[in-house]
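Open the structure in your viewer and keep the selection tool at hand. The tour below goes stop by stop.

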Amino acid sequence: MATSGLNRGGMSVAQRPAANAVAKAAYRIEPSIRPVLAVPQRAIDPARGFATTPRRQRGELASKLQVAAEEASGAPEGVVDESKVPDFPPLANIGYPNSVVFQAFGWESCHVGNWYGVIKSKIPELKAAGITHVWLPPCSSSPVAPQGYMPGQLYNLTSKYGTEEQLVDLNKALRAAGIAPMADIVINHRTACYQDEDGTWNRFGDDKDHDGHDINWDAWAITCDDPVFNGTGNPDTGEDFHGAPDLDHANPHLRECLTHWMEYLAKGVGFCGWRFDYAKGYGAEFIKEYVEGSVGPDSVNIGEFWTDLKWNDGDLDYNQDEARQRLADWIDGTGRSAGAFDFPLKGILQEAVKLTQYNRLQDPEGKPSGFLGWWPKRAVTFVENHDTGSTQAHWPFPKDKVEIGYAYILTHPGIPCIFWEHMFEWDEGLKNKIVNLMEVRKRNEIKSDAQIEILTAEHDVYVAKIDDKLIVKLGPRYDIGGLQPSEEEGWVKAAKGNEWVVWEKTTPPAAAA
């Protein structure tokens, strides 16, 4: 009988309740480190129809200074005053077809200290390799979880990765190198600073004034069907996240405040695009509003829409069209303002290399498996990330086959995403192979919409031709017979490793003469 496979975190459905209990427990014990402050008295704002906090009770001196500065600048309400933001180097529009993404952190990177400085030191290597977008970790303060995925004060950009000043400095350096910084946006949920009268942590803090876009919300900002945090907002428009209050994205004022914050991240901090964390937690229709109100419609954005795969008694089903369709529906729902990580391809690819079932890499229509075979321009392919691999290892790619994974995603259509640990923390040999493959991709101008012809996909061998510029062979079979690329036709080896080879097309000697 077909069953659901892995959900967010790579956990089975059976494992999820236990993991959720751990998350709730972690959230509940955190009040010991929260500020012990009296909850400000709430007032009803008839213009908005929900509870607000009078400005004087949020700290008169700080508010008055902020308001005076804003009024003196003449900046209209709700608009970032560009006269006060840093001067960022201009960046050419890269677009989805030319993108190569680099995830610049692992699960433990938050413990290093000034992680932004570490990334900055790698910019020359990233530029030389052809990276176009660097995905940075969540930048808001997250005292409940140092990795950043339980944000509290959104505008407090001093996190375990560094200070706001260090982040701005990094983004300037990335943009100067022609690389677009991409922020990890966590807006499905948010941790509270204060308890309500019943002891529930559902009142949020805000130590800054934001021109009517304050984020010191309370229960009205939480979905009414959140099972833990007693929200009074609209019903959830996505799946519930048990570890923290689910935000009510159906509330126009809340969306306006989030968009204002994201606009600040773009204009004031230098970000050029977003990676939307837990995108299945709220309606896809809101993504377009957030994108167009901050980085604009021409930006490259990626959703983490973790799709369950179909399994048959522990074996991955060969047909993953349901998962492909869910990704396609989500992207359409965003008004095509984002791409999506290709979780179906990751699952299929790692099963293929682990079990020597390379026939999995071709669907019944002769196309590549995974979402890549349906919508390559918006399929962000990857081998590993901070959830699936790293020290969490929720759904890891077989370690001895990781290089085969990169041989696939860096030669094929789609938008490849390289993981920090594989590039800079594993052995030098793997790094060299990844860099070599990226050079091959760049040299042959392989784009996300490249044409592909799968020449064979059998249990022990897979061969494909891309744009008539590359041929890639994966699998343990050595002799591929008539599929062997011919030197007389201009094919030469460009890269190779354990159970994989890539050839590139050069001008045949006879033609050159």
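**Whole chain.** Start with everything selected. The protein chain holds 13 helices and 20 strands. This is a predicted model, so colour it by pLDDT before going further. The mean pLDDT of the chain is 86, and 82% of its residues reach 70 or more. Now select residues 1-79. Here pLDDT stays under 50, although the model has 131 contacts beyond four places in sequence for this stretch. Residues 509-513 also have pLDDT below 50, with three contacts in the model beyond near neighbours in sequence.

The accessible surface of the chain comes to about 20500 Å², and carbon and sulfur atoms account for 51% of it. Of the 513 residues, 58% count as buried. Among contacts between residues at least 6 apart in sequence, 68% join residues at least 24 apart.

**The barrel.** Hide the surface and show the strands. Eight of them form a closed barrel with parallel pairing, in the order β4-β5-β6-β9-β10-β13-β14-β15. Zoom in on β10, residues 302-303, and β13, residues 339-341. These two strands are parallel and share two bridges. Pick isoleucine 302: its bridge partner in β13 is glycine 339.

**Glutamine 103.** Go to strand β4, residues 101-103, and select glutamine 103. Is this residue buried or exposed? Glutamine 103 counts as buried because its relative accessibility is 0%. What does its side chain meet in a polar contact? Show histidine 386: the two side chains are joined by a polar contact of 2.9 Å. Leaving out residues up to four places away in sequence, glutamine 103 also touches others, including Trp135, Glu384, Cys417 and Trp420.

**The main core.** Next, select Phe102, Trp217, Trp274, Phe276, Tyr406, Ile418 and Leu474. These have the most contacts inside the largest nonpolar core, which has 129 residues. Helix α6, residues 252-267, gives the most to this core, with seven residues. Nonpolar side chains tend to be buried together in soluble globular proteins.

Stay on phenylalanine 102. Beyond four places in sequence, its contacts include Leu126, Ile131, His133, Val134, Met423 and Phe424. Trp135, Ile418, Phe419 and Trp420 are also among the residues that phenylalanine 102 contacts.

**Helix α10.** Select residues 402-409. Eight of the eight residues of this helix are buried, so α10 is largely enclosed by the rest of the structure. Show the side chains: among the buried residues are Val402, Glu403, Tyr406, Tyr408 and Ile409.

Move to β17, residues 461-466. Five of its six residues are buried, so the strand is mostly covered. Strand β16, residues 452-458, pairs with β17 in the antiparallel sense over six bridges. A hairpin of two residues joins them. Isoleucine 452 stands opposite isoleucine 466.

Where does the phi turn positive in the hairpin of β17 and β18? Click aspartate 467: its phi is near 55°, in a hairpin with three residues between the strands.

**Last stop.** Return to the main core of 129 residues.

Key
Residues are numbered from 1 along each chain as its sequence is written. This is a predicted model: local features need pLDDT of at least 70, side-chain atom pairs count only at pLDDT 80 or more; totals for chains, interfaces and linings use all residues. Side-chain values use heavy atoms; hydrogens and water are left out. Two strands pair if DSSP finds at least two bridges between them. Helices (H or I, at least four residues) and strands (E, at least two) are DSSP runs, numbered from the N terminus. Buried means under 20% relative accessible area, exposed over 50%, partly exposed in between (1.4 Å probe, protein chains only). A polar contact is a pair of N or O atoms within 3.5 Å; within protein, one must be able to donate a hydrogen and the other to accept it, and residues adjacent in sequence count only if both atoms are side-chain atoms. Contact means heavy atoms within 4.5 Å. pLDDT is the predictor's confidence in each residue, from 0 to 100. Accessible areas come from the Shrake-Rupley method with a 1.4 Å probe; for residues, only the protein chains shown count as cover. A nonpolar core is a set of buried Ala, Val, Leu, Ile, Met, Phe, Trp, Tyr and Cys residues joined through side-chain atoms within 4.5 Å.
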